[in-house]
2 protein chains.
Amino acid sequence: MNAPLPASALPRNAPPEMLAALKARFAERCSTAMAVREQHGRDESPIDAPPPDAVVFCESTDDVVAVMQLADRYAVPVIPFGVGSSLEGHLLAVQGGISLDLSRMNRLLEVRPDDLIVTVQAGVTRLQLNREIKDSGLFFPIDPGADATLGGMSATRASGTNAVRYGTMRENVLGLTVVMADGTVVRTGTRARKSSAGYDLTRLMVGSEGTLGVITEVTLRLYPLPEAVSAAVCFFPSIAAAVQTTIQTIQMGVPIARCELLDPNAIRAVNAHDRLGLREAPMLLMEFHGSPASVAEQAATVQEIAAEHGGEDFEWATTPEERTRLWTARHHAYLSALQTKPGCRCVTTDTCVPISRLADALLETVEEADASGLPYFLVGHVGDGNFHMGYLVDPALPEERATAERLSEQLVQRALRLDGTCSGEHGVGLHKQGFLMEEAGEAAVEVMRRVKRALDPKNLMNPGKIFGM
Amino acid sequence: MNAPLPASALPRNAPPEMLAALKARFAERCSTAMAVREQHGRDESPIDAPPPDAVVFCESTDDVVAVMQLADRYAVPVIPFGVGSSLEGHLLAVQGGISLDLSRMNRLLEVRPDDLIVTVQAGVTRLQLNREIKDSGLFFPIDPGADATLGGMSATRASGTNAVRYGTMRENVLGLTVVMADGTVVRTGTRARKSSAGYDLTRLMVGSEGTLGVITEVTLRLYPLPEAVSAAVCFFPSIAAAVQTTIQTIQMGVPIARCELLDPNAIRAVNAHDRLGLREAPMLLMEFHGSPASVAEQAATVQEIAAEHGGEDFEWATTPEERTRLWTARHHAYLSALQTKPGCRCVTTDTCVPISRLADALLETVEEADASGLPYFLVGHVGDGNFHMGYLVDPALPEERATAERLSEQLVQRALRLDGTCSGEHGVGLHKQGFLMEEAGEAAVEVMRRVKRALDPKNLMNPGKIFGM
């Protein structure tokens, strides 16, 4: 199942001299074994491409500098790689080149509980971070589902379930260490919470999808573990009712920490996978953080709103174990859905609209999906106006892929008409370049291209992504 | 009192043909009257420079495009101007050129209460915005003190008293309309709360100080007016005690909305100016937002912390009128202090450090200022680790200016040693270019310069600011 690649995707493969230099510098940490290359040449997207020419396992910023200096000398692309959880083809070597595996850069460099910040190497994953800081009384809230690396999450401007309260990577990265295309090391940001000193290079790099530099270290904001946490599920007579409950909750300013929607297809899948026995009806999964009094107050407000829309069968969880059970449904939705259609691949959408337009965006989309006959599931960070349709396609049936692409196209057009975005959190990668052009306009994309050319004149950094350069 | 200008500050004055073309297009909205030019050729910084060649009063994005097209043709600089409240020389025509007055672009273009967003023209001021949306039940929290324009606040990445809870302009600008150096109009962002679609051009423009383009429209996040608001002042035996109270409040995660420090000098000035009769001791001014129960809970927690540090004479205000009285002290501190030394000018500092370093940064700074004999006052958004020393200098006495510069230099060096920033919210402008280089490093500033050259190859946009280009 080959998706069309950008027209400019001319391979620039690593010449033997460069591979020899990498082997000399990195020994067994530079691999040209086909299995290793293939594992680094795909991600969770439904797109296929030839594998990278080699994989280099970096352990330090200096290692990355060494690779970039060689890449610069031989004009060969470099693709940063974390755990491979991209959904948009970010990791594919569409123009050849070296996959830069950062997963061994997995050390916490500095924990500063008194300042509520931590500095990590880019290969640290979010679950590892939270495990290692557990005793500090702090946590890092951003949760995109996958146990992604914090470098990768920065590069795609990830968010996920907690963003409605804690923001996205945009709000939570304080500073970065970045290796630029020519091997220069740049440090952005300071340890202060805010700054007006010069261009916001941190935010320029966050979301640049590896096309401007390799993120090797990340300084992040942490939060005190809430005194009280309470989670609840609630079932609704229709998706519309669940969405209206969400909209009113946000409009009233309830500081809800998580507000997730699962449709009956998603619940059916997790019930089959995890024997959860949940009612197969539109479900909101909510979480409240704060003092005991504040959590009780938030919960009471939302329960009132939900009741107005026919929400019922509230199930509450306050202990970590009970909460984990409820969240299993959300966290296993993607993998469970894949298992409902053996051998399938998933075409995932990622639109985000202003909260008042959420019902319009979602209900028409569900109608179209139902009419198509293609199996799908729906999960959403609906508190942000962000939701994902997952269309399950048989790779052997091009007509299924075409149907999924048509549905995806219609959904994005609708989101753009409703003043939304084609990507809430997954990034543009290979797949959404046309949508980005429609959303941002030629003038804005040309500004992006100029920045790209200024910082990476040889187009070495993850070329072919975002805008096909 | 002339501060040194950057070495590259070669004037590129508007030739007569350009002025004639501007007059033809804008008639009486293009002024070359000396009084108008002089008024647009200075700001609240203590720096003098020759006035701009002309002032154009723009009323629309199209007007700005017309000016930029002429500027591009004649290679003449353009300096965007809001209300002139910059403290860092942003508005000075150090390389000649046209001052672009945006204050007549003062319309709210779209209020969307259901999405908690508003789109304004760049010349709308923050007080005007809050007046005009009063009946919506929403408010815009960012409060830098001055009644600045929202375009100017975006351009300097402003923040102020509410940032500790609501973030800065970085977090609260959703999208922009920007006229680029060649007259192209770019729209950044969407109306969705988050997006991963391409480079974050919004954040690249926020804080770019007019050097990358002219911001003409701003889409902002709004917040529901809190159900309950409570403000309090509290006096401490020492600045150290007030700072420790702040540090512990932040570290405990209390969602305090405002946390401001005034030193006895600042209080003495506002007492004289407004007959407030406040105790002339280190004072914290705090505000709590939320439900009645949550506000009561926050207040009780902070009162406990303050008591441990000898905080006393708590005075509470819950009605808007009482709160206004307390906030008068903070909002009038700058102007009141200027009046304690007739004819003086104020050298203002703007460092911000990680919260755990705040005591170190502040106490040594106060000691040095006391030892210098120069009159000063201290106010701080201490919840963010951000504070301002205002050194009052006699423009006729160069030695006073030198002392203020030495104190400012020592303070910034200290903040950088403590992992902080030379500018928390005022920007770099003309005055902090050396500090930016020390803070960010040559490699990061070179990245900024490359972006600048890529987007403004003729260096038309507010040249000479941030990095002397």
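Among the residues of H3(A), A:Asp63, A:Val64, A:Val67, A:Met68, A:Leu70 and A:Ala71 are buried, where buried stands for 20 or more other C-beta atoms within 10 Å of the residue's own, exposed for 12 or fewer, and partly exposed for what lies in between, with C-beta atoms placed from the backbone. The model is predicted, with local features needing pLDDT of at least 70 and side-chain atom pairs counting only at pLDDT 80 or more, while totals for chains, interfaces and linings use all residues. Residues are numbered from 1 along each chain as its sequence is written, and chains are lettered from A and ligands numbered from 1 in the order in which they are written.

**Exercise 1.** Work out how the buried residues of H3(A) are arranged around its axis.

*Solution.* Step one: seen down the axis, the buried residues of H3(A) fall within an arc of 160 degrees, so they line one face of the helix; the arc is taken from the directions from the helix axis to the C-beta atoms. Step two: on the other side of H3(A), A:Asp62 and A:Arg73 are exposed. Step three: the cover over the buried residues of H3(A) includes, among others, helix H1 (16–26) and strand S2 (54–57) of chain A; helices (H or I, at least four residues) and strands (E, at least two) are DSSP runs, numbered from the N terminus. Step four: after H3(A) comes A:Ala75, with a positive phi near 55 degrees.

**Exercise 2.** Describe how domain 1 and domain 2 of chain A are placed and where they touch.

*Solution.* Step one: the domain assignment of chain A gives domain 1 as 108–224 and domain 2 as 228–417, the bounds coming from an automatic or database domain assignment. Step two: their C-alpha centres lie 27 Å apart. Step three: 7 residues of domain 1 of chain A are in contact with 13 residues of domain 2 of chain A, contact requiring C-beta atoms, placed from the backbone, within 7 Å.

Technical notes. Two residues are in contact if their C-beta atoms, placed from the backbone, lie within 7 Å.
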